[in-house]
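I opened this model to go through its chains and contacts. My entries follow in the order in which I looked things up.

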Amino acid sequence: MNAISVPVAEQTLECDRPARGQVGMFGLIAAEAAIFTIFVVAYLFYVGKSLTGPMPKDVLSVPFFFTICLLSSSLTIHLAAKSLRRGSVRSFGILWLATIALGAAFLYGTATEWHRLIYREGLTISTNLFGTTYYSLVGLHGFHVVVGLVALFMVMVFTFLGNVRPEHAERVDVLSLYWHFVDAVWIVVFTVVYVIGR
Amino acid sequence: MSTDAIALPEAELATRPMVARLHEWVTTVDHKRLGILYIIYALVFLLIAGIEATVIRIQLIRPHNDFVSPQVFNRLFTMHGTTMIFFVTMPVLFGFANYLIPLMIGARDMAFPRLNAFSFWMTAFGGFLLYFSLLGANGLYGAGNAPDVGWFAYAPLTSRTFSVGHSTDFWTLALLVSGFGSIGTAINIIATVLCMRCPGMTLAKMPLFAWLNLVMAGLVILAVSPLTAAQIMLLVDRYLGGHFFDTQAGGSAVIWMHFFWVFGHPEVYVLVLPAFAFASEIIPVFSRKPIFGYSVMVGATVAIGFISMSVWAHHMFTVGMSSAANTFFVISTMTIAVPTGIKIFNWLATMWGGKIEFKTPMLFCIAFLFQFLAAGLTGVMLSVAPFNWHLGNSYFVVAHFHYMLAGAIFFALFGAFYYWFPKMLGKMYSETLGKLHFWLFLIGFHLTFDFMHIPGLLGMPRRIYTYEPGRGWDTWNLIVTIGVFFQAAGILVFLGNLLWSYFRGKAAGSDPWDAWTLEWSTNSPPPAYNFYTIPTVQSRRPLWDLKHADDPDWKYE
């Protein structure tokens, strides 16, 4: 083997690369954004094209309260990550729990809305185009909230077991990026479903 | 010999029981092993899809042939297309990217090794799922086994009404599952290239291979995700009674076309950018010159990435769009010929005045250049909407895109196989068999795909299982089918060469080509940790600097 040994520089050259966790999460967010874009395009394309009722304006009511819940959870997770960076695991745990509670409240809101639509208004995913696009778009977002909550819950368990320390702040930041994305997507879904589509 | 210092003794590895070694391969998170798994997996599916293509061509060898039934013919072209795109070309290109990117940028592994393994197994199970349809898809209705809706599966053919049984479900799930794998790999490639480069390797000093795969990964993220979304919609339609593509309930069949081709056209560039990457590494080494116009090559690549996102509806001229849409997609499609043309001139300028060595990898790359040019020219012809109305869905289109996929991508890919074989396995391939493969495949390719344009021009539509005699198509179809046997012989020589060289080839040494990128600085095959010490680079050709300390590249870059 005539291997050539490449010279070893003991870190003489500056080498500051972006954190791979952040880059990876931004990659995932880009992919998810593309998936949501297709669902949003389908929703907008089919607005008003249902051949039978019920129509959006008859059955949809704007979920202001639960939207505020979800959006404020972005604030609590941001503050949680910040307190972890500052070294306060206790306030991190409290704010993290608040984030989970707000996310769960949002899911509860979706559940009650779907229950009302299905059992009182008779709108299911196979009723008409509105039902198909509505349940898939809101459901796709709800699925992402569920995935986020599972991840948040796991961090919560680790916190209770005393395994989360300030040096994990970077990883928590990566997870909170995902949560911010889920919240941001809701703004788009909200606008499309409850403002433009109604 | 610093790289040898902590390598495990070969004898110790070889005496381990078969099961233990197999277990290591199945549970591996090493980018090199996963790369080889991708490549072997793709070669198996290449054989399967190649047999399907051969049967298709035997059926079309003469008019009124009844070698296979119309139903089987539909399944054959669907499976051939789906397999070739998703389970041959994408995995094999991911395999090379996986194997080579960390080595080229001086890293010890990909950014996320476990995500890497996850992605491979998702892709692998996607392929198994597609072929499991042969056993499982009979389902309740006893109708159809393999998917038969064409590789772009237009609605409403995929609705429950027209596609009973489960064959279409297997098709959808296979693409959905392998799509998750592709997205995972793309994220991994981006994170690796951006975050794992060795000291001194700025973006402007990266090998073009890494640059092109970075853009490819970006395109995968933006292109495969819409396909994933469309497959979810199709599943909602088929399983939950949704109406996305149900024209009876106000849904649109055309929107499936848009969603599919928003994926489908960037996908072409997902496949061809790695081929460019191979050519951009091989041509300079065998021309004994640095690549001509590095920064322009990078710029052209990024431009192709952007433009490729806005050309999809040129697949839909015959559907009937507004004249504004037609005009837009004609112009955007023609625009993409500009950066690709720049690339061709850069490769030619790299060869110009060089001391060209006509080794097998270089032969394949030279053929790649000419065939890529020809494929691009028929592409520009087809981008003209009126011409496209005449020839859309004819054998001219089939010839055009096979010229791109086989003539450009596969030729560059074979070049890559021969070029990096010594690195991956530590053995030299047989140059005689390599040249035999090249000439057989070249002759077969031109017999098949040059002459396939003509029945297309004479009006032969694609996807017909047979045709009437006396339309002037007979002789051309005969020649096209004869070419297939040359190609098949070439592939067999290729596989034979790989196997023979693996067992009998002579040791290759770490740098058989006197090349310049970092992968040639470590052993062949590289140890699990790639580099004993993380290298430091000062120019785009770190090994040139090392071999010519009196006249290093970094003085001029």
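**Entry: the interface**

How many residues of chain B are in contact with chain A, and how many of chain A with chain B? I find 47 residues of chain B in contact with 37 residues of chain A. I take two residues as in contact if their C-beta atoms, placed from the backbone, lie within 7 Å. On the side of chain B that touches chain A, helices H6 (167–195), H7 (208–240), H8 (254–287) and H17 (542–547) each supply at least two residues. H7(B) gives the most, with 10 residues. By type, that side of chain B divides into 27 nonpolar, 17 polar and three charged residues. I count Ala, Val, Leu, Ile, Met, Phe, Trp, Tyr, Cys and Pro as nonpolar, Asp, Glu, Lys and Arg as charged, and the others, Gly among them, as polar. Helices (H or I, at least four residues) and strands (E, at least two) are DSSP runs, numbered from the N terminus.

**Entry: ground rules and confidence**

The model is predicted, so I note that local features need pLDDT of at least 70, that side-chain atom pairs count only at pLDDT 80 or more, and that totals for chains, interfaces and linings use all residues. Residues are numbered from 1 along each chain as its sequence is written, while chains are lettered from A and ligands numbered from 1 in the order in which they are written.

I read the scores next: ipTM is 0.93 and pTM is 0.94. pLDDT is the predictor's confidence in each residue, from 0 to 100. Chain B has a mean pLDDT of 93, and 96% of its residues reach 70 or more. Where in chain B is confidence lowest, and where highest? The lowest is helix H1(B) (residues 10–14), at a mean of 56, and the highest is helix H3(B) (residues 31–59), at 97. Over residues 1–7 of chain B the pLDDT is below 50, and this stretch has 16 contacts in the model beyond near neighbours in sequence. Where pLDDT is low, the predicted coordinates should not be read in detail.

**Entry: chain A overall**

I count six helices and zero strands in chain A. Along the sequence the pattern is α-α-α-α-α-α. Its radius of gyration is 22 Å, well over the 16 Å that the globule rule gives for 198 residues, so chain A is more spread out than a compact globule. That radius is taken over C-alpha atoms, and the rule is 2.2 Å times the number of residues to the power 0.38. Along the principal axes, the C-alpha atoms of chain A fill a box of roughly 75 × 50 × 25 Å.

Buried residues make up 33% of the 198 in chain A. I call a residue buried if 20 or more other C-beta atoms, placed from the backbone, lie within 10 Å of its own, exposed if 12 or fewer, and partly exposed in between. Of the contacts in chain A with a separation of 6 or more, 84% are between residues 24 or more positions apart.

**Entry: helix H3 of chain A**

H3(A) (residues 64–86) has 23 residues and reaches 33 Å from first C-alpha to last, close to the 33 Å expected. The expected span is 1.5 Å times one less than the number of residues. Its buried residues include Leu70(A), Ile77(A) and Leu84(A). Helices H4 (89–119) and H6 (169–196) of chain A are among what covers them. After H3(A) comes Gly87(A), with a positive phi near 100 degrees.

Most residues other than glycine have a negative phi, and most peptide bonds are trans. I listed the exceptions I looked up.

- Gly53(A) and Pro54(A) are joined by a cis peptide bond, omega about -5 degrees. Pro54(A) lies in the loop between H1 (20–45) and H2 (56–59) of chain A.
- The bond from Ala155(B) to Pro156(B) is cis too, with omega near 0 degrees. Pro156(B) lies in the loop between H5 (113–136) and H6 of chain B.
- Asn393(B), not a glycine, has a positive phi of about 55 degrees. Asn393(B) counts as partly exposed, with 13 C-beta neighbours inside 10 Å.

**Entry: Leu440(B)**

Is Leu440(B) buried or exposed? With 20 C-beta neighbours inside 10 Å, Leu440(B) counts as buried. Leu440(B) sits in helix H15 (residues 431–457) of chain B. Leaving out residues up to four places away in sequence, Leu440(B) touches Phe486(B), Ala489(B), Gly490(B) and Val493(B).
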